[in-house]
Amino acid sequence: MGTTTTIYGWCSSSSSFSHQKMKIGSQIENGFSRSKSKSRTRVACSKAGDGGEERVCLKRRTAVVSGISLISSAVWGFSGGEGVAVVTQGLLAGRIPGLSEPDEQGWRTYRRPDEKSGGHGVGWSPIIPYSFSVPQEWEEVPVSIADLGGTEIDLRFANSKQGRLFVIVAPVLRFADNLGDDAKLELIGPPDKVISAFGPEVIGENVEGKVLRTEVAEYSGRTYYQFELEPPHVLITATAAGNRLYLFSVTANGLQWKRHYKDLKKIAESFRVV
């Protein structure tokens, strides 16, 4: 049985826009998707202006897909000079894999890739990589600038049965302008000052009366503040590096918290700036 995909394209000239609609048909036979034209490449063109000086062309090439043909996201783009519309597929912008293979306990370590883009504001240094460990069922999820924390959220992970986490990377200038480019967490302030200032960005409300536990730890000469808040159920690890403050938040609903608290705490305490 044939399948038909309708693709809409727009082509323009200096004085008008024309709307082009193209239908691409494919035929599924013996578990393979075969183009009716098989090996030929078809080019459909439409004139952008009455004089026909400019043309926009859409090229279609055949594709062979094993099993049932599955169409994922396609993004329209235009290349230079000739204005050829191109259908492309690939990773979401900024999404570079950073997970290791599972260890003997089934946990994976995420390390922020050096190649990953990021940074808040002109002139800021590159983000110093960080790492943490999660059970192998956890996966990275897209970050939206509409999320709580806005553009300062650098990463999100989640598992529907266990909980979710995110990393906020914020400039230390929000605290003081004399901390330099190698800020120390203890110079930013004591734990209560840090959680009072940044806790609301994590839970969306004032943290007064919600901090159940506060601990101070040191790893490889770097100080970390660790907090447990309730309600909501959330674990926060904070540290500073370069000219930024790092906030690592692990949260869950009531049932997830009850069933997976030990693992959630292990995730929160695994956070390191490397």
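Helices (H or I, at least four residues) and strands (E, at least two) are DSSP runs, numbered from the N terminus. The structure is a predicted model, in which local features need pLDDT of at least 70 and side-chain atom pairs count only at pLDDT 80 or more, while totals for chains, interfaces and linings use all residues. Residues are numbered from 1 along each chain as its sequence is written, and side-chain values use heavy atoms, with hydrogens and water left out.

The secondary structure of the chain amounts to 3 helices and 17 strands. Of its 274 residues, 41% are buried, a term that denotes under 20% relative accessible area, with exposed meaning over 50% and partly exposed in between (1.4 Å probe, protein chains only). The accessible surface of the chain is about 16,100 Å², and carbon and sulfur atoms hold 51% of this area; such areas come from the Shrake-Rupley method with a 1.4 Å probe, and for residues only the protein chains shown count as cover. Among contacts (heavy atoms within 4.5 Å) with a separation of 6 or more, 50% link residues 24 or more positions apart.

The neighbours of S16 come next. Two strands pair if DSSP finds at least two bridges between them. Strand S12 (residues 163-171) pairs with S16 in the antiparallel sense over 8 bridges, and Phe166 has Ser249 in S16 as its bridge partner. Strand S15 (residues 234-241) also runs antiparallel to S16, joined to it by 8 bridges; here Val234 stands opposite Thr251. S15 and S16 form a hairpin with 2 residues between them, and Gly242 in the turn has a positive phi of about 60°.

The loop between S13 and S14 holds Ser220. Phi of Ser220 is near 55°, a positive value in a residue other than glycine. With a relative accessibility of 85%, Ser220 counts as exposed.

Strand S13 itself (residues 211-219) contains Thr214, which is partly exposed, with a relative accessible area of 41%. Leaving aside residues up to four places away in sequence, Thr214 touches Pro191, Gln226 and Phe227. The C-alpha atoms of Thr214 and Ile195 are separated by 9.7 Å, and these residues are 19 apart along the chain.

Another part of the architecture is an open sheet of 3 strands in the order S8-S9-S17, with antiparallel pairing. Strand S8 (107-111) and strand S17 (272-273) stand at the edges, each with a single partner strand, so one side of each is left without a neighbour in the sheet. S8 runs antiparallel to strand S9 (residues 130-135), and 5 bridges join them. Within this pair, Arg108 has Val134 in S9 as its bridge partner.
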